[in-house]
Amino acid sequence: MSYNRRTLSHDSPFAYTAALLLFASAIIRGIYFLISGVALDVPTVLIHILLPVGCCAVMGIMLMSRKNSLVPTVWPMLFGVLFFMLKSLDFSLWHCVFCMALYAAFALVYILTVHGVLGSRIPLMLMCALPFLFHVFVQDIFLSPPADFIAFLPELSVLLIMVAIFIEAWAMRRGRLY
């Protein structure tokens, strides 16, 4: 039995809170595409709906149903990172490159934290908290404030994911896997 890997009890209030935030993110993203009138071509459905909704649903189910190992959550997290990387292709070149590097670093830090290679959860928590704070206090207020509440729903979906992963990281403990 390994005591290095990070664990999170499935009956922890933190696991339930993170899972509920992920489910809320999936629902909000679905509602947005139902009521926004955005053209739903195949790439939009695959990249902007199925991929993030699936990742949130699978991660939420994993947080509430597995024994205590967080290792299986690496897969939905990687597909979530893929969603964010594909989403960043719509940005300017420098913004896209910056975001791709940030998402790749996040994936690496998540994997290393869950597997117990990183001795601290702080880098993962910072990689969730700092982008969240930037989105809320800089991007959403000054750089590109949403036109209305409906236009804010995709951003709200992303913010809920960030908070859910932060809560998961905060509640992780080193422990015995069983």
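A: Buried means under 20% relative accessible area, exposed means over 50%, and partly exposed lies in between, using a 1.4 Å probe and protein chains only. Helices are DSSP runs of H or I with at least four residues, strands are runs of E with at least two, and both are numbered from the N terminus. This is a predicted model, in which local features need pLDDT of at least 70 and side-chain atom pairs count only at pLDDT 80 or more, while totals for chains, interfaces and linings use all residues. Residues are numbered from 1 along each chain as its sequence is written, and side-chain values use heavy atoms, with hydrogens and water left out.

Buried in α4 are Cys 96, Cys 99, Tyr 103, Phe 106, Ala 107, Val 109, Tyr 110, Thr 113 and Val 114. Viewed down the axis of α4, these buried residues fall within an arc of 170 degrees, so they line one face of the helix. The arc is that of the directions from the helix axis to the C-beta atoms. Leu 93, Trp 94 and Val 97, on the other side of α4, are exposed.

Contact means heavy atoms within 4.5 Å. The cover over the buried residues of α4 includes β1 (6-7), α2 (42-65), α3 (74-88), α5 (122-143) and α6 (149-171).

Within α3, the buried residues are Val 74, Pro 76, Met 77, Gly 80, Val 81, Phe 83, Phe 84 and Ser 88. Val 81 counts as buried because its relative accessibility is 9%. Apart from neighbours within four places in sequence, Val 81 is in contact with Tyr 103, Phe 106 and Ala 107.

Turning to α5, its axis and that of α4 are 9 Å apart, and the two helices pack at an angle of about 145 degrees. Axes are lines fitted to C-alpha atoms, for helices over the stretch in contact, and angles run from 0 to 180 degrees between N-to-C directions. Leu 102, Ala 105, Phe 106, Val 109, Tyr 110 and Thr 113 of α4 meet Pro 123, Leu 124, Met 127 and Cys 128 of α5.

After α4 comes Gly 116, with a positive phi near 85 degrees.
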